[in-house]
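I opened a new model today and kept brief notes.

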Amino acid sequence: MISIFHGPNNYQSRKQLNLHIEKQPNRHTLRLNKKTIDTETINNFLNTISLLDQNNVLVLEDFFSIQTSSKRKKIEDILYKSQNQIFIWHGKKLTASQLKTFPKAQIFEFNLSNQLFTCVYSIKPGNLRNFLSSYEIIKDKEPFELILHLIKQNLRKQLTTSTPLDKNLLKKAYLNLIELDYQSKTGELSIDKSIALQRIIINLIN
C-alpha cells in the first residue's frame, strides 16, 4: 500500500508519518530523500525477502521533487508493483495531477490555519496589539512547536531579505528563538514556553 503525506503543515505531516511508520509490525525501514533516492536501491530493498521475516517499509521524502522524469517513472513502476508498505512525504501541497500518479494511494493532506498565518505575519514594527490578539487566539489551539517553527522560519527569511524590522533586534530575536527551542525540548525553561515566546516577539516589535 502507498500512503502519501503532503501539505504546508510540516509539523503535523511528519508527526503523522512517524506514527504510521511506528504502527508497522516487525518493520525493516529504509528512509530516502530526493538526494539519496536511487532506482536500484529501492528495487533491491522492496524485492529482497528478509531472512528475519521482517516487513520492508519504504519512506520517500520529496519524491515528487525529483527533476528527472525518466528516473521518477522507473521508480513509479517499481512502487506500483510492490506489495510492501510505502510512505511518500512531501513538504508542500501536491497538485491533483501529481496525486493521480498513484490513484490507489491513501492521501493525507495537512494545511495551516488562516489564524496561524495571521499571527506569524503580524510580526511587524509597531504592530504589537495585532500580534498579541492573534497570538492569544492560536496559542492554546495550535501545537507550540508548530507556532515556534513558523515564527522562526519567518524571522530567518527576513534576515536574508529586506525587512522593516531592525536587523540587530531581528537577529537577537532569532537566536533567542533557537535557545527557546532548545530549552523547551530539554525542560530547562523556568517559565511557560508560550509566555517566553511572546516576550521575545514583544521585544522585537514593541
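**Entry 1: the pocket**

I started with the largest pocket, which has 17 lining residues; Val120, Tyr121, Leu150, Gln153 and Asn154 lie nearest its centre. I kept in mind that this is a predicted model. I then looked up the volume of the largest pocket, and it is about 370 Å³.

Which elements give two or more residues to the lining? I found helix H5 (114–120) and H7. H7 gives the most, with seven residues.

I also sorted the lining by class. I noted eight nonpolar residues, seven polar ones and two charged ones.

**Entry 2: H7 and H8**

Next I followed H7 to its contact with H8. Helix H7 covers residues 144–159, and helix H8 covers residues 167–186. Their axes come within 10 Å and cross at roughly 150°. Angles over 145 degrees count as roughly antiparallel, so H7 is roughly antiparallel to H8. I recorded the crossing of H7 past H8 as left-handed.

Which residues of H7 meet H8? I listed Phe144, Leu148, Ile151, Lys152, Leu155, Arg156, Gln158 and Leu159. On the H8 side I listed Lys167, Leu170, Lys171, Ala173, Tyr174, Leu177, Ile178, Leu180, Asp181 and Ser184. By class, the residues of this contact divide into 11 nonpolar, two polar and five charged.

**Entry 3: looking back**

I put my two entries side by side. H7 turns up in both: H7 gives seven residues to the lining of the largest pocket, and H7 also meets H8 through residues including Leu148 and Leu155.

Terms used
Residues numbered from 1 in each chain as written. Predicted model: local features only at pLDDT ≥ 70, side-chain atom pairs only at ≥ 80, totals over all residues. Heavy atoms only, no water. Axes fitted to C-alpha atoms, helices over the stretch in contact; angles between N-to-C directions. Helix = DSSP H or I, 4+ residues; strand = E, 2+ residues; numbered from the N terminus. Parallel < 35°, antiparallel > 145°, perpendicular 65-115°, else oblique. Left-handed = near helix turned anticlockwise from the far one by under 90°. Contact = heavy atoms within 4.5 Å. Nonpolar A, V, L, I, M, F, W, Y, C, P; charged D, E, K, R; others polar. 1 Å grid on protein atoms, 1.4 Å probe; cavity = no way out; pocket = protein on both sides within 12 Å on 5 of 7 lines; lining within 4 Å. Points joined across faces, edges and corners; volume = space filled by probe spheres on them.
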